[in-house]
Amino acid sequence: MSRARSLASKLLPALTGLLLFLQSALVITGGAVRVTGSGLGCPTWPECTPGSYTPVPGQAEGQLHAWIEFGNRLLTFALLFAALATVIAIFRSGRRDLRFLGATQVLGILGQGVLGGITVLTDLNPLAVGSHLLLSILLIAAATSLHSRRHNPSVRTSSTEVRISRISLAHINLAFIAITIGTLVTGSGPHAGDVDAPRLDFAITTITRIHSASVWLLMIVSVFFLISRKLNYETKRWLIIFIFLAIGQGAIGYIQYFLGVPEELVVMHLLGSVLVWIAAWRVRLSVVRKPA
């Protein structure tokens, strides 16, 4: 093995870990932008304010809001550099099995930039904001797959039990549906990112109950999954992690609902969503992938 290839192989675990961390952090900082009302701190795109790509002194939106929003944009650039570095390491290390996943990260981040621009130019339309989050969720899944294969290639497989494969598919779909409905709750709630941002026309009590019902259904399926016969050790381990994270996430959800959705708990709930989703995806990977 050449020195360059050996170095790239050694750097790959750190780079994929950094990529997964930054993909997750983008969701958290996006939440911070919303709860601080800084969504239009940079009121245009790709510039921050007309005539400048960075905040300018005295702009009408206020320096704090402008720099919070601009900081979130800067994180996207850091994420793009991390993705490009990861792709270079993938090619240098000769890991052909990771090329597609690496490419999805670069293309997805560029897509995030475009969606971010649409979100700003539509004055934080909740459907655009929700799409922005859901693309992040998909990119986090891809980054999780990338990081899980950082040391060794893996191949597609399936459980010898058809029932386990089907429950696994239902489990990951329900997790995604719960997060999707959660974006509708956010789009109907008080933290729009700006006082004049449009809201979805859902009764907050009704959409919250639908979201809660989807989470309860996911938990029932998770427990049923856990007690299934012939479950491999890796799947069982990640299911236990998932259930504990989901219980904590559910507790935060109920607390924030009854306390009137305080800003700090909104950010914690977003962090919980990311962790729950990563665990759910690892459950799915443990069923459909095995070391080559």
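A: The turns below take up aromatic pairs and then the disulfide.

Q: What kind of model is this?
A: This is a predicted model, in which local features need pLDDT of at least 70, side-chain atom pairs count only at pLDDT 80 or more, and totals for chains, interfaces and linings use all residues. Residues are numbered from 1 along each chain as its sequence is written, and side-chain values use heavy atoms, with hydrogens and water left out.

Q: How many aromatic pairs are there?
A: There are four, where rings of Phe, Tyr and Trp (its six-membered ring) pair if their centres lie within 6.5 Å; planes under 30 degrees apart are stacked, over 60 edge-to-face and the rest tilted. One of them joins Y257 and F258, which is edge-to-face because the planes stand at 75 degrees, with centres 5.4 Å apart.

Q: And how are the rings of W277 and W281 arranged?
A: Their centres are 5.8 Å apart and their planes lie at 35 degrees, so this pair is tilted.

Q: Where do W277 and W281 lie?
A: Both belong to helix α8 (residues 263–288), four residues apart, about one turn of the helix; helices are DSSP runs (H or I) of at least four residues, numbered from the N terminus. Together with F176, W277 and W281 form one aromatic cluster.

Q: Is W277 buried or exposed?
A: W277 is buried, at 3% relative accessible area (buried is under 20%, exposed over 50%, partly exposed in between, with a 1.4 Å probe and protein chains only). W281 is partly exposed at 22%.

Q: Changing topic, which cysteines form a disulfide?
A: C42 and C48 do, with sulfur atoms 2.1 Å apart; the cut-off is within 2.5 Å. Both cysteines, C42 and C48, are buried.

Note on methods:
Helices (H or I, at least four residues) and strands (E, at least two) are DSSP runs, numbered from the N terminus.
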